[in-house]
There are 2 protein chains.
Amino acid sequence: MTLPLGYRYASTYVGLRKQPDRNDVALIVSDGPAAVAAVFTRNVIQASPVHLARENLKSSRGKACAILVNAGNANCATRTGDAAALATCKALAKTLKIKPQYVLPASTGVIGVELDHKLIVNALPQLVSDLSPDEASFERAAEAILTTDTRLKIASEEVKFRDGVVRVAGMTKGSGMIHPNMATTLGFVLTDAAIAPSDLNPILRRATERSYNSLTVDGDTSTNDMVALLASGATRVKLNEKERKVFEEVLTWVMESLAEQIAADGEGARKLIIIRALGFKTDDEARRIARSIANSPLVKTAIAGSDPNWGRILAAAGYAGVEFDPSKLDVHLQRELVCKGGLAAEFDEAALKAKLDAPEVRIRVTLNGKGKGQARFFTCDLTEGYIQINGSYRT
Amino acid sequence: MTLPLGYRYASTYVGLRKQPDRNDVALIVSDGPAAVAAVFTRNVIQASPVHLARENLKSSRGKACAILVNAGNANCATRTGDAAALATCKALAKTLKIKPQYVLPASTGVIGVELDHKLIVNALPQLVSDLSPDEASFERAAEAILTTDTRLKIASEEVKFRDGVVRVAGMTKGSGMIHPNMATTLGFVLTDAAIAPSDLNPILRRATERSYNSLTVDGDTSTNDMVALLASGATRVKLNEKERKVFEEVLTWVMESLAEQIAADGEGARKLIIIRALGFKTDDEARRIARSIANSPLVKTAIAGSDPNWGRILAAAGYAGVEFDPSKLDVHLQRELVCKGGLAAEFDEAALKAKLDAPEVRIRVTLNGKGKGQARFFTCDLTEGYIQINGSYRT
């Protein structure tokens, strides 16, 4: 990990999570006001912190000094949710001596249970005094935002520009209720480059499209999703237009890595599945094909069972709502041709079954013709574990 | 069961299904040409029998004498599929001394495996000589079309009109790769009323909308789906416009019962889930809400675990792509108010958990306002059984 300059991290356990083995509140603080871009869930039902984060970003004109996250409670669909979110932001602002609109709140956990915000508020003085820029603090903060995740999800990159080195680091959580159409899940990505909010916004949107919005675990879109990108400018490295392109690419790597980690740790998942669709009329059509395959429980259970059941891949492509000529469709599983021109290809079933036991499974769907549209999608296999986790999540 | 007049049934085992404990070919024959309406899968990938059935219906102008169904092989995405479907239809036509276009072929089973049509052709003489109008033969035929189903799925009704009694009976199969957007799965519904194909078509389409198209098991749309309605006219009871309305209602009961039976026997399912959405702007919006809830793996696993996790129902309503005011939304679970105006309602958790152990679970989502749009959707809970069945279906 190479962490960007200008940030400090802290985390603690305040009692929102039932199991005290993992912290449940994380704090990320920027030394000065950082430029911020954020994408939020498009669910009609939105949690109180999502509303407030949006408002704060508006009144701060895209600036923030702190991200305050809690796990264990989504602060959504409750009577006191708005007041609770506001009270924690105000208390943190007071402790940090900043304006309340410079705080971005985020919550994740169970929906519809009143959040006792005093648990968070009371912990703030200690939390703020614990703030530290070191890697261990970053990792503990990243651990505090997890819910049913089994692993830490962090990624970082650095890149050298004309005026100096710039770093990008991110933390995220999975691992159920994950579906594109926004920033799925919570993700916080930090950089020490100096970029104006107006430039940051389109960069985050495009990077999100290629990472978080190309990811599905179970097709469920959460009420609390948010991905925020902060640029502290602590390096004072300003980027010209060409450098901003490079920065966007590096940011996308970090966000793709985070998205892959979410898919690989999908609830109950044993395998990461990476789906590529090629040769369709447009990128959007390719995306719909890849997404339809990624969403198919039948494809996902077949992969769980290492069953090269390419007929299900074909069927899922067929109901994606995209018109295409089935006789031009090839399907590759683990780089092995299993379906040629819409028909069964000859392949060594036993050998392919063995290859499907790998922790990473690649599905490629190619439409042979003139189309240049392509897309990539991340998902995971569907196992008994998903059912076990979700049949008793609240209780 | 009251069976309609004018039909005979037979079934046999020809070796397409690996387990010989269940027949794999079913034959339904109408004594004379019956009027036919049919709906087919909208998947871009369509099995050979779907193509041929569509063609035959066109050239016979909506008439048929026989339905020939096999399980164990979908006859889809294979080199010899079209020829195989044609050869079986021709052979049956010859044996029955009818035109080949009077045969409706249908297949269900694994995709992408060549169908050895001789297995079917060789069995036809015996199959035809076994034809019988009795209930046992009807039930054995209904059993022969099943795949991963654990139960027979049949329903019947009768209704008295001015000119006499008319009967409706249907058989269907589940139980995975079930999703609306057409006739999901195979369904064959027979009546002895005298109705012209042109009248039959809109009746079937509307009844399908309220039954098969309001049903989802796993969101996967098969390549082989088909629902056919035959009217033998054996009673010579012709219906006037008002009577056709009543007939449509009775037909819908039969088809709803079949759809419910499919949902209740969804792969791995322990519970039938019936979702009602009320008070939305239009029936279509209500439908999208009900369907989104029916498709949510998180809702379905919660119901499997008897967990009254209404937050997931709220979230699924929220991402249905329908705009509504969350503060006007009520959610009932087993007739118990669990969410009032988008917020947690007071309810007895332990008592509700016990109620959720029932084999039938009712979810109601009501938008309080002026809207009159409503819809009903059938689905099932999502259990470890679904994963076990689908992780090793082919092998």
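Strand E2 of chain B, residues 25-40, is mostly covered, with 13 of its 16 residues buried. A residue counts as buried if 20 or more other C-beta atoms, placed from the backbone, lie within 10 Å of its own. Strands are DSSP runs of at least two residues (E), numbered from the N terminus. The model is predicted: local features need pLDDT of at least 70, side-chain atom pairs count only at pLDDT 80 or more, and totals for chains, interfaces and linings use all residues. Residues are numbered from 1 along each chain as its sequence is written, while chains are lettered from A and ligands numbered from 1 in the order in which they are written.

**Partners of strand E2 in chain B**

- Two strands pair if DSSP finds at least two bridges between them.
- Strand E1 (residues 7-12) of chain B pairs with E2(B) in the antiparallel sense over 6 bridges, and B:Ser11 stands opposite B:Ala26.
- Strand E3 (residues 63-70) of chain B is also antiparallel to E2(B), over 7 bridges; here B:Asn70 is the bridge partner of B:Val25.
- Strand E8 (residues 226-231) of chain B joins E2(B) through 6 bridges, again in the antiparallel sense, with B:Ala228 as the bridge partner of B:Ala38.

**The nonpolar core**

- A nonpolar core is a set of buried Ala, Val, Leu, Ile, Met, Phe, Trp, Tyr and Cys residues joined through C-beta atoms within 7 Å.
- The largest such core has 276 residues, and those touching the most other members are A:Leu27, A:Ala66, A:Ile293, B:Leu27, B:Ala66 and B:Ile293.
- Beyond its neighbours within four places in sequence, A:Leu27 has contacts that include A:Tyr9, A:Ala66, A:Leu127 and A:Ala141; a contact requires C-beta atoms, placed from the backbone, within 7 Å.
- In soluble globular proteins, nonpolar side chains tend to be buried together.

**Domains of chain A**

- Chain A is divided into domain 1 (7-264) and domain 2 (272-391), with bounds from an automatic or database domain assignment.
- The C-alpha centres of domain 1 and domain 2 of chain A lie 32 Å apart.
- In chain A, 12 residues of domain 1 are in contact with 11 residues of domain 2.

**Relation of the two chains**

- Chain A is superposed on chain B by a rotation of 180° with 0.0 Å of shift along its axis (RMSD 0.0 Å).
- This is the relation of a two-fold axis.
- The superposition is by least squares on the C-alpha atoms of residues with pLDDT of at least 70 in both copies.
- A:Glu384 has the C-alpha nearest the axis in chain A, 2.4 Å from it.

Key. Two residues are in contact if their C-beta atoms, placed from the backbone, lie within 7 Å. A residue is buried if 20 or more other C-beta atoms lie within 10 Å of its own, exposed if 12 or fewer, and partly exposed in between; C-beta atoms are placed from the backbone. Helices (H or I, at least four residues) and strands (E, at least two) are DSSP runs, numbered from the N terminus.
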